[in-house]
Amino acid sequence: MADGGPEAGSSGGALDVDASLLDPSSGLFAQPFFLAVLSWRVIACRRVLRPLAFVQLEVVDGLPDGPVVPSDPRVVTAMILATLRTSDVAARLADGTYGLMLEDNPEDGAVWAVERLRRSLATRPGGRALRAGVACYPGQALTPTDIVQAAQGAFAAAREWPQDRIEVAPAS
């Protein structure tokens, strides 16, 4: 299970996490804590010269021809935690989308991780679509703010499509 929420940990046991750090509907980390961790991880990646991927994604029901509504956060959270590695961090962002921090992952590895998540969600009943924007340090951006903005731009492009879509931000 990934360390994206209170039930996970490298020892396999539950962590005692302050509830104020968590999103109540998903149990994943909330945006303020997640963005603080992103800043720390970028600093660490800069120090050891390793890549870090940031993904913003949404999972929606109703595509291609029904009313589009966000998928149940519990279903999405379960799939995220079952799919990510323990070194990855997941969060529910303030706008209802999800953020993933994929440690030691360049853009191609991040795309594969999101594709594994998409395939996992596709095995569940219902017409779901996953749309994601990917940005990486150092390929697309060098600061946490720039990484988030690059991923948001790629995510906006992915949302223009009425089906599953993973977009990678252009190189900086």
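The structure is a predicted model. Strand 2 spans residues 52-61 and pairs with strand 5, strand 6 and strand 3. The count of salt bridges comes to 11, and four residues are joined into one network through shared partners.

**Strand 2 and its partners**

- Strand 6, made up of residues 128-137, runs antiparallel to strand 2, and the pairing takes in 10 bridges. Within it, Ala132 of strand 6 stands opposite Leu57.
- Strand 5, residues 98-103, is also antiparallel to strand 2, with 6 bridges between them. Here Leu100 of strand 5 is the bridge partner of Val55.
- Strand 3, residues 69-70, pairs with strand 2 in the antiparallel sense through 2 bridges. Asp61 has Val69 of strand 3 opposite it.

- Asp164 and Arg118 form a salt bridge in which the closest N and O atoms are 3.4 Å apart.
- Through salt bridges that share partners, Asp164 and Arg118 belong to one network with Glu115 and Arg119.

**Other salt bridges**

- Asp88 and Arg85 meet through their side chains in a salt bridge, at 2.7 Å from N to O. Asp88 counts as buried because its relative accessibility is 2%, under the 20% cut-off. Arg85, at 32%, counts as partly exposed.
- Asp72 forms a salt bridge with Arg74, and their closest N and O atoms lie 2.8 Å apart. Arg74 is exposed because its relative accessible area is 59%, over the 50% cut-off. Asp72 is partly exposed, with a value of 28%.

**Leu35 in helix 1**

- Leu35 sits in helix 1, which covers residues 31-48. This residue is partly exposed, its relative accessible area being 30%.
- Leu35 and Val148 are 113 residues apart along the chain, and their C-alpha atoms are separated by 9.0 Å.

Definitions and conventions: Residues numbered from 1 in each chain as written. Predicted model: local features only at pLDDT ≥ 70, side-chain atom pairs only at ≥ 80, totals over all residues. Heavy atoms only, no water. Helix = DSSP H or I, 4+ residues; strand = E, 2+ residues; numbered from the N terminus. Buried < 20%, exposed > 50% of the residue type's maximum accessible area, 1.4 Å probe, protein only. Pairing = 2+ DSSP bridges.
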